[in-house]
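Welcome! Please take a moment to look over the sequence and the 3D view before reading on.

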Amino acid sequence: MRNIFLTSFVRFIIAAMPIFVSCSNDDVEMENNQQNTKQEESDTIPKLSGYKECPDENHPHMIDLGLPSGTLWACCNVGSSAPWKFGSYYAWGEIQPKQYYVPETYRYAILEEVDVKVSPTERNYIYTNIGSDIAGTEYDAVTANWDKPWHMPTYDQFQELEDNCSWEWQFMCLENGIKVTGPNGGFIFFPAAGVFLNNRLIGDNVVGYYWLSSLCVSAQQLAYSICFNEENVHNTLGYNRYSGLPIRPVCNN
Ligand SMILES: [Zn+2]
């Protein structure tokens, strides 16, 4: 998988397909899938309702893809002002973006005591255990920056997207990315926002990595991310926690 993505970094001929969404969203017809109100008159907790696509510029919107769990996905990333914009980048478990994404600046990594002669690249870090799933916790950048009920997506919520939706490499408003269409025809767009390493954004418009809230249990230094590329490959990948990745929020029903 990593080889496939490394290959993608050096490919700049992009076979992008048009996506029929206006950059201004002015001509996107609003379609609000309000739940049947009579059904909600019971004493159960009212369910959240969503749109089938981003309807206007009052982001974020809850998008209903018709998923079995009722999970609604946000129309845009944290820190983004439009569905095709990259937004902010976070190290896993941190709630503020920053300038340098390296182990030295990662809040939840501690440098092992080493001989000062060891070069920085060979030094070992011990990664603090902040939980196997940080969704909705104090380490969740979505919960910290957006109002409830938004939170980071879990591994299972990615798997639900994978199992129920079609994924197609697309082009939206000068940005490449993946259009994910649910069983009800609702869709969201993940821009290929690349990744911040050190103080450099790499792979933008070629690959996308998005944090999930789930730690890789076999390797404390890694957390799961959604990953996709221009070859229409989409999967999960354990990524170094200190890296800067965007986040696409969800809310549960
Ligand atoms: Zn929106």
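The report below goes from the whole chain to a few of its parts.

## The model as a whole

This is a predicted model, in which local features need pLDDT of at least 70 and side-chain atom pairs count only at pLDDT 80 or more, while totals for chains, interfaces and linings use all residues. Residues are numbered from 1 along each chain as its sequence is written. The average pLDDT (the predictor's confidence in each residue, from 0 to 100) is 85 for the protein, and 80% of the residues score at least 70. Over residues 1-42, pLDDT stays under 50.

The protein has three helices and 15 strands; helices (H or I, at least four residues) and strands (E, at least two) are DSSP runs, numbered from the N terminus. Of its 253 residues, 41% are buried. A residue is buried if 20 or more other C-beta atoms lie within 10 Å of its own, exposed if 12 or fewer, and partly exposed in between, with C-beta atoms placed from the backbone.

## The largest nonpolar core

A nonpolar core is a set of buried Ala, Val, Leu, Ile, Met, Phe, Trp, Tyr and Cys residues joined through C-beta atoms within 7 Å. The largest one here holds 61 residues, and Ile63, Ile188, Trp211, Leu212, Leu245 and Ile247 touch the most other members. Strand 12 (residues 207-215) gives the largest share of this core, six residues.

Leu212 is in contact (C-beta atoms, placed from the backbone, within 7 Å) with residues including Met152, Phe158, Ile226 and Thr236, leaving aside its neighbours within four places in sequence.

Strands pair here if DSSP finds at least two bridges between them. An open sheet has three strands in the order 12-13-14, with antiparallel pairing. Strand 12 and strand 14 (234-240) are at the edges with a single partner strand each, so one side of each has no neighbour in the sheet. From one strand to the next, the twist averages 35°; axes are lines fitted to C-alpha atoms, for helices over the stretch in contact, and angles run from 0 to 180 degrees between N-to-C directions.

Seven bridges join strand 13 (residues 222-229) to strand 14 in the antiparallel sense, and Ile226 stands opposite Thr236 in strand 14. Helix 3 (residues 155-164) packs on the sheet and touches strand 12, strand 13 and strand 14.

## A loop residue, Asn205

Asn205 lies in the loop between strand 11 (200-202) and strand 12. Asn205 is partly exposed because 19 other C-beta atoms lie within 10 Å. Leaving aside neighbours within four places in sequence, Asn205 is in contact with Glu175, Asn176 and Ala192.

Key
Two residues are in contact if their C-beta atoms, placed from the backbone, lie within 7 Å.
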